Amino acid sequence: CSSDGGLRVWDAASGRPVLDLAGHTHWVRAVSVTPDGSKIISASDDGTVRLWARQTGALLETMSASRPLVSVCVTCDGHYVVAGSTDSLIQVWPIRHGLDSSHRVLHAHDRTVFALCASHDNSVIASGGGDGLVIVWSRATWHPMYLSLKGHTRAVRALGITSDDVKLVSTSQDSTVRIWALQTGDPLVELRGHERGVCSVRIRPDIQQIIT
């Protein structure tokens, strides 16, 4: 995240900045890229989600929420942008030639929505909050698929879904990593080893390792 309100696109080979994206007026808390690589999505404490053209840096759309936005993801089909806010709400905007002004608001958490991720088959969205809950939402109905996943004792900070869409991984400020069955919500494994909060997770495409 960036405290100056700006985004910077870097060339991976040379390490040089390619684009500077200016427009946010407060912290940029999360970024994502559409699956086709053509657009950058940013979420900010200024309460906006912004859609940028990756090649030119042009600002394409700005969508506003009522409170600071601290998490964002794009569905794997590139159809929806999903953002989590400090007021416990999840904002869902469809992308139709940009960010459509009509959007859904999902509410099941009691605190800040720190983590979001989308399944590879586009069937579900998962969210994690400051209330310690993980919630899996159906893309067909935009309602929770089952009861909230309980186990973490502090805020859920990061989520990941395996490439086969079978398992969901959550990390928390309680220093644990938990693995759940994505389709049923059943708890599978609790991983311990960190001494403090765990704020990020990545899963290898071959599902052989989880990195936290």
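Is Leu191 buried, partly exposed or exposed, and what is its relative accessible area? Leu191 is partly exposed, with a relative accessible area of 35%, where buried means under 20%, exposed means over 50% and partly exposed lies in between (1.4 Å probe, protein chains only). The structure is a predicted model, in which local features need pLDDT of at least 70 and side-chain atom pairs count only at pLDDT 80 or more, while totals for chains, interfaces and linings use all residues. Residues are numbered from 1 along each chain as its sequence is written, and side-chain values use heavy atoms, with hydrogens and water left out.

**View A. The nonpolar surface patch around Leu191.** Leu188, Val189, Leu191 and Ile210 make a nonpolar surface patch of about 290 Å². Such patches consist of residues with over 30% relative accessible area and no salt bridge, nonpolar side chains (Val, Leu, Ile, Met, Phe, Trp, Tyr) being joined within 5 Å and like charges within 9 Å; the areas come from the Shrake-Rupley method with a 1.4 Å probe, and for residues only the protein chains shown count as cover. Strand S17 gives the most to this patch, with three residues, and Leu191 has its place in that strand. Helices (H or I, at least four residues) and strands (E, at least two) are DSSP runs, numbered from the N terminus.

**View B. The open sheet of strands S14 to S17.** Four strands form an open sheet in the order S14-S15-S16-S17, and their pairing is antiparallel; two strands count as paired if DSSP finds at least two bridges between them. At the edges stand strand S14 (156-161) and strand S17 (187-191), each of which pairs on one side only. On average, neighbouring strands of this sheet are turned by 20 degrees against each other, direction ignored, with axes taken as lines fitted to C-alpha atoms (for helices over the stretch in contact) and angles running from 0 to 180 degrees between N-to-C directions. Within the sheet, strand S15 (residues 167-172) and strand S16 (residues 177-181) pair in the antiparallel sense over five bridges, and Val169 has Ile179 in S16 as its bridge partner.

**View C. The salt bridge between Asp77 and Arg139.** The closest N and O atoms of Asp77 and Arg139 are 2.9 Å apart in a salt bridge, defined as a side-chain nitrogen of Lys or Arg within 4 Å of a carboxyl oxygen of Asp or Glu. Asp77 lies in the loop between strand S7 (69-74) and strand S8 (80-85), and Arg139 in the loop between strand S13 (134-138) and S14, so the pair ties together parts that are 62 residues apart in sequence. Asp77 is partly exposed at 26% relative accessible area, whereas Arg139 is buried at 15%.

View D. Asp206 and Arg204 meet through their side chains in a salt bridge (2.3 Å, N to O). Salt bridges that share partners join Arg178, Glu190 and Arg192 into one network. The side chains of Arg192 and Glu190 meet at 2.8 Å, N to O; Arg192 is exposed, with a relative accessible area of 64%, while Glu190 is partly exposed at 33%.

View E. S11 pairs with strand S12 (residues 124-129) in the antiparallel sense over five bridges, and the bridge partner of Val113 in S12 is Gly129. Five residues stand between the strands of this hairpin, where Asn122 takes a positive phi near 65 degrees.
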